[in-house]
Amino acid sequence: THGNELLSRADPDYPLEAKGEVPGYTPDRCLDLLAGYHPPLGAGPGFTDAADAFAGYLVLDALVANTDRHHENWCVLQHAGRSYLAPCYDLGTCLGFQLTDHERQERLETADRNRTVMAWCERGTSRTFDGSPGLVDVAIAAMHRASDATRSMLRDRLSTFSDDRIADVVAEVPADRMSQWAGRFAIEVLRINRDRLLETLP
């Protein structure tokens with residue numbers, strides 16, 4: 001059952017079929033709704049409920065600059081008489097997917113502070129939540145609502161996501177799937193957003 005269906009059941013006036021930025025579609029509304037469901041099957045002990053896990057998804061969105069956590073981009077699954085948040089899926093709109101290699105190279109090498117990768121990351125917004133809030137702002141607000149166990153676990157995971165580990169993850173992508181400039185851009189985005197999150201996580 002997709003998020004828009006769940007939200008519509010809770011509020012008959014919710015715009016079920018809306019696309020793009022959806023009025024009334026907020027992280028708080030999602031977290032309130034998901035507090036009554038279980039975390040994904042197989043999730044670690046750091047998540048006490050589906051709301052904790054969804055907060056983790058929003059931190060992941062901020063890390064990879066995923067702009068498209070729309071209301072059909074998460075759902076609840078039924079299994080053996082219980083309801084679980086589905087594992088995270090469809091993060092295709094991330095890491096500057098829409099940029100050309102020329103744009104990536106320019107941002108990596110420019111002396112213009114308004115054109116750097118940092119500036120690009122700072123302008124990242126969640127373009128489907130009401131008001132198009134900043135990705136890091138959404139993640140931090142969600143973390144304030146998460147359990148102590150979730151906050152501690154996610155902070156530890158970000159802290160151990162070292163520059164070397166980031167480079168190793170990107171290096172695993174086959175060369176025919178990611179160009180040199182896409183890889184370098186991805187590394188910089190992950191490094192910058194990791195640090196931005198760690199600086200402000202509760």
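Student: Which cysteine sulfur is closest to that of Cys121, and how far away is it?
Tutor: The closest cysteine sulfur to that of Cys121 is in Cys94, at 12 Å, which is too far for a bond. A disulfide requires a pair of cysteine sulfur atoms within 2.5 Å.

Student: Before we continue, what kind of model is this, and how are its residues numbered?
Tutor: This is a predicted model, in which local features need pLDDT of at least 70 and side-chain atom pairs count only at pLDDT 80 or more, while totals for chains, interfaces and linings use all residues. Residues are numbered from 1 along each chain as its sequence is written, and side-chain values use heavy atoms, with hydrogens and water left out.

Student: How many disulfides does the structure hold?
Tutor: The structure holds zero disulfides.

Student: Changing topic, where is Tyr89 found?
Tutor: Tyr89 is in the loop between strand E2 (82-85) and helix H4 (101-109). Helices (H or I, at least four residues) and strands (E, at least two) are DSSP runs, numbered from the N terminus. Tyr89 counts as partly exposed because its relative accessibility is 27%.

Student: Which residues does Tyr89 touch?
Tutor: Leaving aside residues up to four places away in sequence, Tyr89 touches His2, Arg69, Glu72, Asn73, Trp74 and Cys75; contact means heavy atoms within 4.5 Å. Asn73 is 16 residues from Tyr89 in sequence, and their C-alpha atoms are 7.1 Å apart.

Student: What lies around the polar side-chain atoms of Tyr89?
Tutor: The backbone oxygen of Glu72 is 3.1 Å from a polar atom of the Tyr89 side chain. The backbone nitrogen of Trp74 is likewise 3.1 Å from a polar atom of that side chain.

Student: What about the backbone angles: which value does phi take in Ala65?
Tutor: Ala65 is not a glycine, yet its phi is positive, at about 60°. Most residues other than glycine have a negative phi. Ala65 is in the loop between helix H3 (50-64) and strand E1 (76-79), and it is buried at 9% relative accessibility.

Student: And Leu95?
Tutor: Leu95 has a positive phi near 55° and is found in the loop between E2 and H4.

Methods: Buried < 20%, exposed > 50% of the residue type's maximum accessible area, 1.4 Å probe, protein only. Polar contact = N/O pair within 3.5 Å; in protein donor to acceptor, adjacent residues only side chain to side chain.
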